[in-house]
Amino acid sequence: MRIAGDFDYETHGQHYSTVRRADPRIARYVHAALGDARTVLNVGAGAGSYEPEDREVTAVEPSASMRSQRPPHLAKAIDATAEQLPFADNSFDASMASVTVHHWPDTARGLREMRRVTRGPVVVLTFDPDLIDTLWLNDYVPEFFDAERKRYPAITFIRDVLGGTSTVTPIPIPPDCVDGFTEAFYARPEMFLDPAVRASQSAWGFVAPEAIER
């Protein structure tokens, strides 16, 4: 069994499509950043969250578990990694990577590959490691954020690797966000007591059981 990133989605990712659904308010930011691109490459596509359905999307996802959770109306994902994209230079109008770059073993190589195969914008939806521990959850489980800070690449790093002209757009998270990433529940603290929610947030896999129980 191949584990392409830093988290074993084959064992722990079976229910991601239930909790990790695209929030339409966040999706608007992602789709706007793609501009007028007609062909879009989605790298680390997972179950398909944030893929635009009005464009021609090619999805790449190394986890068989995540590929199997893609809904039938989306294109089947190609089994490949960000670091070795099986496409010629400038194959796509735009490319996107949604909440995935922190999983890649070689983030710089993956970003350079995205830039190589893309004629236009490269859109990266991610979290700023300098800000993630401002969430109140850090007061209860600092071990969680110790792990997260090490995983997420700095925004300046992403910009430097991609090169050229780039724009950083902060995205507000609505209090009723339907995408179940950690920060989505800042106004619903009780959700962190749900094992299904924690199972859909990979960082808990880096926290000792006793810290979670505490």
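This talk covers the sheet, one loop arginine and several salt bridges in a predicted model.

Ground rules first. Local features need pLDDT of at least 70, side-chain atom pairs count only at pLDDT 80 or more, and totals for chains, interfaces and linings use all residues. Numbering starts from 1 along each chain as its sequence is written, and side-chain values use heavy atoms, without hydrogens or water.

Start with the sheet. It is open and has 4 strands, in the order β2-β1-β3-β4, with parallel pairing. β2 (56-60) and β4 (122-125) are the edge strands; each has a single partner, so one side of each lacks a neighbour in the sheet. From one strand to the next the twist averages 20°. Terms: helices (H or I, at least four residues) and strands (E, at least two) are DSSP runs, numbered from the N terminus. Two strands pair if DSSP finds at least two bridges between them.

Now the β1 and β3 pair. Residues 39-43 and 94-98 run parallel, joined by 3 bridges. Leu41 stands opposite Ser95 in β3.

Next, Arg21. Where is Arg21 found? In the loop between α2 (16-19) and α3 (24-33). Arg21 is partly exposed, at 43% relative accessibility. The scale: buried is under 20% relative accessible area, exposed is over 50%, partly exposed is in between (1.4 Å probe, protein chains only). Beyond its neighbours within four places in sequence, Arg21 contacts Ser49, Tyr50, Val178 and Asp179. Contact means heavy atoms within 4.5 Å. Cys177 is 156 residues from Arg21 along the chain, yet their C-alpha atoms are separated by 9.4 Å.

On to salt bridges. The rule is a side-chain nitrogen of Lys or Arg within 4 Å of a carboxyl oxygen of Asp or Glu. How many salt bridges does that rule give? The count is 12.

One of them joins Asp176 and Arg25, at 2.8 Å, N to O. Asp176 sits in the loop between α7 (155-162) and α8 (195-199), Arg25 in helix α3, and 151 residues separate them. Both ends are partly exposed: Asp176 at 44%, Arg25 at 30%. Asp23 joins these two residues in a salt-bridge network.

Another links Asp79 and Arg67, at 3.4 Å, N to O. Asp79 lies in the loop between α4 (64-68) and β3 and Arg67 in helix α4, so the pair ties together parts 12 residues apart in sequence.

Last, Arg151 and Glu148, at 2.8 Å, N to O. Both lie in helix α6 (residues 142-151), 3 residues apart, about one turn. Are these two buried or exposed? Arg151 is buried, and so is Glu148.

Technical notes: Axes fitted to C-alpha atoms, helices over the stretch in contact; angles between N-to-C directions.
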